[in-house]
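Thank you all for coming; I would like to take a few minutes to walk through one model with you, beginning with the interface and then turning to the overall fold of a single chain.

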Amino acid sequence: MFYRETGQFKTSYRTDQAVFPIKQDAIGIWVLLAILFIVVPLTFNDFWLNSIMIPTLIFSLAAIGLNLLLGYAGQISLGTGGFMGVGAYSCYKLTTIFPDVNILIPILLSGFVAAAVGVLFGIPSLRIKGFYLAIATLASQFFLVWAFGRIEWLYNYNPSGAIEVPTRRIFDIAVTGPHATSMTRYLIILSIVVVLTWVASNLVRGRIGRAWMAIRDMDIAAELIGIKLLQTKLTAFAISSYYAGVAGALMVFMWLGAAEVESFDINHSFLILFMVVIGGSGSLIGSFMGAAFIWVLPIFLRSAPDYIGLEIGAATVEHINFMVVGALIIFFLIVEPNGIARLWQIGKEKLRRWPFPY
Amino acid sequence: MSDTTLKPSRASMSAGKRNWLVTAALFAAAVVGSLVVGEGSLVYEIFVSPFLFVVEAPDLFVQVIWEGLVAGTLYALLGLGFVLIFKASGVFNFAQGIMVVFGALSLVGFYAAGIPAILSLLLSIAMMYVLAWTVERVVLRPLVNQDPLILFMATIGLTYFLIGFGEFIFGGEPKTMITEEIGLPSGSYSFDFMGGFVSLQKLDIAAAVIAAILVGCLAVFFNKTKVGRALRAVADDHQAALSVGITLRQIWVIVWFAAGIVALTTGIMWGARSDVSFALQIVALKALPVIILGGLTSIPGAIIGGLIIGISEKLAEFYWGPLVGGSIESWVPYFIALGFLWFRPQGLFGEKIIDRI
């Protein structure tokens, strides 16, 4: 009744090609942003911000990165964790070498280091495809994690082998380190994620995105119509790794506060892959939904026995947690292999005809 | 027409030869250069000193090769499980690693419950059948004809489920494999070899023999039995197999069961060398470079790939590892596999990937 485009006439190409051609969607996104930027910081407490909102946003960014590669360019990568690590470590190096520079600059620059590494490990994608490529990208995962542990220069010869985030201030407000409040960190992360999502949504609508999708659907045909495989695939790896790198830097600097090698291991890569597939590959909004679902589900499951008054040991809860998450993933893949984004789309279609479906 | 098609191929062949020549010349230059630069330089440490060490202590070299062979056998077994399932159902089964743990744990668990060793072994085999049947019924059947990536994710989901389920039933603490009770030997043979001595664990020899027997049985099963023929038909073409009256579902259960038995064997062998714990499931990651090196669809590929990876990883770790701080075993196999894939994108023995418009 409220959600239909009747009467919204497009009189120029500009309006026709808008990100949200339906007015209700455009209004909806502004309302959502207003809620995220104003209502959430005012109402949510530290626990909610720190253990739900901030990680969900960071993982969404990483999931968008992987989604650009997997869902749009069709190249499977299992090395996201490693690329996030590259971002985190290079951000750490940059900010310790130049302590006076505004911390946002190292965070955004560290993505470029990750992009360079991503291009390097993306080169095999020119010859290797499908599962062969997926496993080949594990080379980057294992090599990078090994390098983080072995190259002492990366963590400034810290005896604990971990990187600890120093306090950095913008306009005398601590934004990283132990003194930063969760609200400041949340707002900064949110801004970066919003900007990068906007960039991504325009990338995939434009020439680059279309070239990626052509390669995803059939790379020989794409080559025949004049898309340069080398450039396009490597661009996909570069941009995807850029997102992963920034997400990694944010994860360590704005959320964890310290990180060891284990923070970037293979399980991490699988976690992000799950977010993409459960959320819906080839959909940006799906990345957010997938990240929220995969991140919040275990938290919810862990606290569920308390709510209904069951007394279960912590270890048992953890085991049941694993079982339920595994079973739910299978269930989800069976029910909707195209991910939550597809459900969302179906819901919207239904809503347009509601309450008089024909 | 033949002229025009032949010319570029001839040209590329000579280019290939030139590449080899250049590589060989570079290598020779590096060796000569490092000899000139002398001991202590990085080039010397990489290109000369490991080989000198091989010549100086051949017994160590043989020992390292043996260790590699043993590890390679286990990788080959793991890879075999992957390949069996991938061939027959097109599923890249990430759960193979946890199936290894699950098989070993159920064997130990049955024995701990007071059941005799041989009976526990049979019960664990039955357990693997139940697992195969359930997986087919609950996971594979509803997901038939889905994108391979979706099926891959589903097997990761299965892995999570089995981790939780296994810990729920058997507990998370490491257990000792009942090596002697099921008749596996222990101890080692040592013998002198060119001035040093080499020691071979009896258990490792048994592992190699059992692996060989298992592979032999599988080969006979695939080539001589009716079910085996059906399996090969399914692996070749699902639709053609269906159209001549082969039941896919049944075949999938059989193939997952076969992979389960392979997993159980791997679990026993690996568990006997270390503990039986959930950490074992990461050995699945060890098998991945093996199968891409050998080719995802090739059983001989898995075996030869396993041996190549096993030996080269141990050699690299032993002779070049100390240069960069050790434990390079985690990534060297992947780079070796990458090197092979660069020249053969379908692996050594995989079906040639043909792209058509």
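Contact here means heavy atoms within 4.5 Å, and on that basis 41 residues of chain A are in contact with 51 residues of chain B. Please keep in mind throughout that this is a predicted model. About 4,300 Å² is buried between chain A and chain B, with carbon and sulfur atoms giving 82% of that area. On the chain A side, the residues that lose the most area to chain B are A:Arg127, A:Phe131 and A:Tyr132, which together make up 19% of what that side buries.

Let me now turn to chain A itself, which has 14 helices and four strands. Its radius of gyration is 21 Å, close to the 21 Å that the globule rule gives for 358 residues, so chain A is as compact as a globular protein of that length. Along the principal axes, the C-alpha atoms of chain A fill a box of roughly 70 × 60 × 45 Å.

What share of the 358 residues in chain A is buried? Buried residues make up 52% of them, and among the contacts in chain A with a separation of 6 or more, 74% are between residues 24 or more positions apart.

Definitions and conventions
Residues are numbered from 1 along each chain as its sequence is written. Chains are lettered from A and ligands numbered from 1 in the order in which they are written. This is a predicted model: local features need pLDDT of at least 70, side-chain atom pairs count only at pLDDT 80 or more; totals for chains, interfaces and linings use all residues. Side-chain values use heavy atoms; hydrogens and water are left out. Helices (H or I, at least four residues) and strands (E, at least two) are DSSP runs, numbered from the N terminus. The radius of gyration is taken over C-alpha atoms; the globule rule is 2.2 Å times the number of residues to the power 0.38. Buried means under 20% relative accessible area, exposed over 50%, partly exposed in between (1.4 Å probe, protein chains only). Buried area is the accessible area (1.4 Å probe) that two parts lose on being put together, summed over both.
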